[in-house]
Amino acid sequence: MSSHPAFDVAELAAGVVLAGAVLALWRKDLRALIPILALQGAALSALAAVLAVSDGNLGLGVVAGVVLLAKGGVVPGLLARVVRADPGSRETAPLVNVPASLVAAGALVVLSYLVAGRITALAPDRLTRLVPLGLATVLVGFFVLVTRRKAVSQIVGLLLVDNGIALVAFLLTAGVPLLVELGASFDLLLVVAMLQVLATTIRARFGHVDLDQLRELHD
Amino acid sequence: MLLVAIVCVPLAAGLFGAVLPWRRPVGWTMVAANATVFGLGIATAAHATHRHVTSGLDGALRADALSAFMVVVIGVIALLASVQSIRYLEVEIASGEHGARHASRYTFLVQVFVACMLAAVLSANLGAVWVAVEATTIATTFLVGHRGSDKALEASWKYVLICSVGIALAFLGTVLVYFAALHAPGHPRGASVLDWTSLMSASHHLDPGVMRLAMALIVLGYGTKVGLAPLHSWLPDAHSQAPAPVSALMSGVLLAVAFYALLRFKAVADGALGLEFTRMLLVIVGLVSLLVAASLLLTQRDLKRMFAYSSIEHMGLIALGAAAGTTLAIAAVLLHILGHGLAKAVLFLASGEVLVVEGTSEIERVPALLARRPLLGGILGFGLVALLGLPPFSLFVSELGMIRGEVAVGLGWAAALSLAAMAVIFVAVMTRGRHLLLGGRDGTPSATSRLVGIPLVGGLVACAFFGLSAWPLQSLLDAAARVVVR
């Protein structure tokens, strides 16, 4: 169904998305995470665009535009506002240190290849073979959510999960039906916007956005 | 047309509330809109009982018996909660805590929230169901943080983050189901692949390997919104920090709406995998949720947190009932959704009134309510009796039905474990309840506002009525259960 340039773009996009997730684990400077996410968004949009051209699918072309606007522009922009609200913020004390995190990321990639076996078996082609990279991004995003305590890092974890899922969706089914895709993008935008408002309010109230120090509600 | 009206009427009332300054008539408009939803829901249900499917908006909306039943549940609890919202907002404005603009925002968000839940249960496309369920998270986040305290802020952060991540997993599961459906032999392509009817007709041809992974993600993902372990930790915080009418809606129906999505996917997966796989998943999350609820209920000192953990308990029971998966068990699950929704909504609304008149919802500091405030204490007392699954309330009947279903399919051991957890919870709740109602302090009795008394007593009477009489629900429950049982 797809011609060769589509495969090349797909391989590059999948590589960029997973590499971005691993970079997010590595960099402690939270400002550096914003261009990484913007690049992931652009890669996903490019993937949708080549699939749209090679399949002659107009709806998917619209999705490519929406993804570029949302994941490539608005979402990183909102994240930049959270970072600006808390200048000089660094992920100083993650629950798992950086070298160990990178080893864990390697293990998660292996795990994704194991899990994805059943998926690739159903439709073995060059696109579905890249699905493990998307699953690995989802798992690394989860890892970031569990081990990092800054508000910005947690939002980044959520976005990595989301980008990984978007990658899997494009690779497997050339995206979900148009209306569902648009609804999902809109939902994501609103969620990130709300997280930005909440993080800014928390910062104004407590003077920090370190979630380890928000512990009033524990049993 | 009917289905479009069901979604749009509460939305219109919300817009009305957003543009007009808050006054009591605005509140009554909200009540009228939710009463309309309830009425239209009953009309749809009467139609659906005879296996007639109503559809609308070129087939995008679809109401079989299961959807119609959920509309009725959402309608009745939204009705109770909106009457109490008037009281809540008036007290809030009178105390000077927040102004009228805050009240307008509240009205708008609550009505959008109700409309999103209705859209979720009426969408024909399971992808659209996902979009609507995620939209409920968006509508409720600022409602959880409505009071603006530090705790409320922390609760809303946890709520939106954990629920968004959880529901993202459900989206991945939905993508995998879509992938499996596209590769099902002889299956038509196109935008309608994720429609309920086409998924059900293709379900026997879906690839089992992909469906197993998809179902695990869906149980984990929608399970987060249901409040099932392991991603349940947002629930006690959000339900205890939100304003009481919002807690009533979240606990009483939102959890059930997420479970509705799970039931639909379960039916699709059962076609591809047989009953065993999803049964195992549901038994695990159900039992772990019961364990979590039982161990943490023992230490709760706050009324609303106690009710929140009790919601985790009841969702665990429902998961076990759904695991059994027979028509009888699913009908009992649905009756339990209604009974728990009514009882929990009444209790959350009553605890909101406790907070208003006593200034705290800490159980230690509000003893002997029965002597001091007979009507409010009585409502809380009967509500607790209903929640613990004692007759005459419908939760007794539905718990019995679910346990019978579990024993019939060889899940007797799980039923026994759930009974043990329920016994621990019984003792924990009774100890707190005794202090709350009887306590050690005497006082002169004072009256309770009629705005509070009439709807709450009505909710309890309804809950007892469905426990005593099979009419008028039995045929609807049967028809609804058959939608998701093969």
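Predicted model: local features only at pLDDT ≥ 70, side-chain atom pairs only at ≥ 80, totals over all residues.
**Domains of chain B**
- The domain assignment divides chain B into domain 1 (1-124), domain 2 (147-273) and domain 3 (275-486).
- Taken over C-alpha atoms, the centres of domain 2 of chain B and domain 3 of chain B are 23 Å apart.
- Where these two domains meet, 33 residues of domain 2 of chain B are in contact with 33 residues of domain 3 of chain B.
- On the side of domain 2 of chain B that touches domain 3 of chain B, helices H8 (208-226), H9 (234-241) and H10 (244-273) of chain B each supply at least two residues.
- H10(B) provides the largest share of that side, with 18 residues.
- By class, the residues on that side of domain 2 of chain B are 20 nonpolar, nine polar and four charged.

**Where chain B meets chain A**
- This contact takes 36 residues from chain B and 36 residues from chain A.
- On the chain B side, the elements giving two or more residues are helix H5 (126-144), helix H6 (150-182) and H8 of chain B.
- H6(B) gives the most to this side, with 18 residues.
- The side of chain B that touches chain A has 22 nonpolar, eight polar and six charged residues.

**Two helix pairs to look for**
- Helix H1 (residues 2-19) and helix H2 (residues 24-48) of chain B have axes that come within 9 Å and cross at roughly 175°.
- H1(B) and H2(B) are therefore roughly antiparallel to each other.
- Residues making this contact include Leu2(B), Ile6(B), Val9(B) and Phe16(B) of H1(B), together with Val26(B), Met30(B), Val37(B) and Leu40(B) of H2(B).
- The contact of H1(B) with H2(B) has 13 nonpolar residues, six polar and no charged.
- Further along, the axes of helix H15 (residues 374-387) and helix H18 (residues 450-468) of chain B come within 11 Å and cross at roughly 25°.
- That angle makes H15(B) roughly parallel to H18(B), and their crossing is left-handed.
- Among the residues in contact are Ile379(B) and Phe382(B) of H15(B), and Leu456(B) and Leu460(B) of H18(B).
- The contact of H15(B) with H18(B) has eight nonpolar residues, two polar and no charged.

**An enclosed helix**
- Eight of the eight residues of H9(B) are buried, so H9(B) is largely enclosed by the rest of the structure.
- The buried residues of H9(B) include Trp234(B), Asp237(B) and His239(B).
- H5, H6, H10 and helix H12 (303-324) of chain B are among the elements covering the buried residues of H9(B).

**Backbone details worth a look**
- Most residues other than glycine have a negative phi, and most peptide bonds are trans.
- Arg51(B) is not a glycine, yet has a positive phi of about 65°; you can find Arg51(B) in the loop between H2 and strand S1 (54-56) of chain B.
- Leu57(B), also not a glycine, has a positive phi of about 55° and sits in the loop between S1 and strand S2 (61-63) of chain B.
- Leu57(B) is partly exposed, with 14 other C-beta atoms within 10 Å.
- A cis peptide bond with omega of about 5° joins Ala229(B) and Pro230(B), and Pro230(B) lies in the loop between H8 and H9 of chain B.
- From Trp471(B) to Pro472(B) the peptide bond is cis, with omega near 0°, and Pro472(B) is in the loop between H18 and helix H19 (474-484) of chain B.

Definitions and conventions:
Residues numbered from 1 in each chain as written. Chains lettered and ligands numbered in written order. Domains from an automatic or database assignment. Contact = placed C-beta atoms within 7 Å. Helix = DSSP H or I, 4+ residues; strand = E, 2+ residues; numbered from the N terminus. Nonpolar A, V, L, I, M, F, W, Y, C, P; charged D, E, K, R; others polar. Axes fitted to C-alpha atoms, helices over the stretch in contact; angles between N-to-C directions. Parallel < 35°, antiparallel > 145°, perpendicular 65-115°, else oblique. Left-handed = near helix turned anticlockwise from the far one by under 90°. Buried ≥ 20, exposed ≤ 12 C-beta atoms within 10 Å, placed from the backbone.
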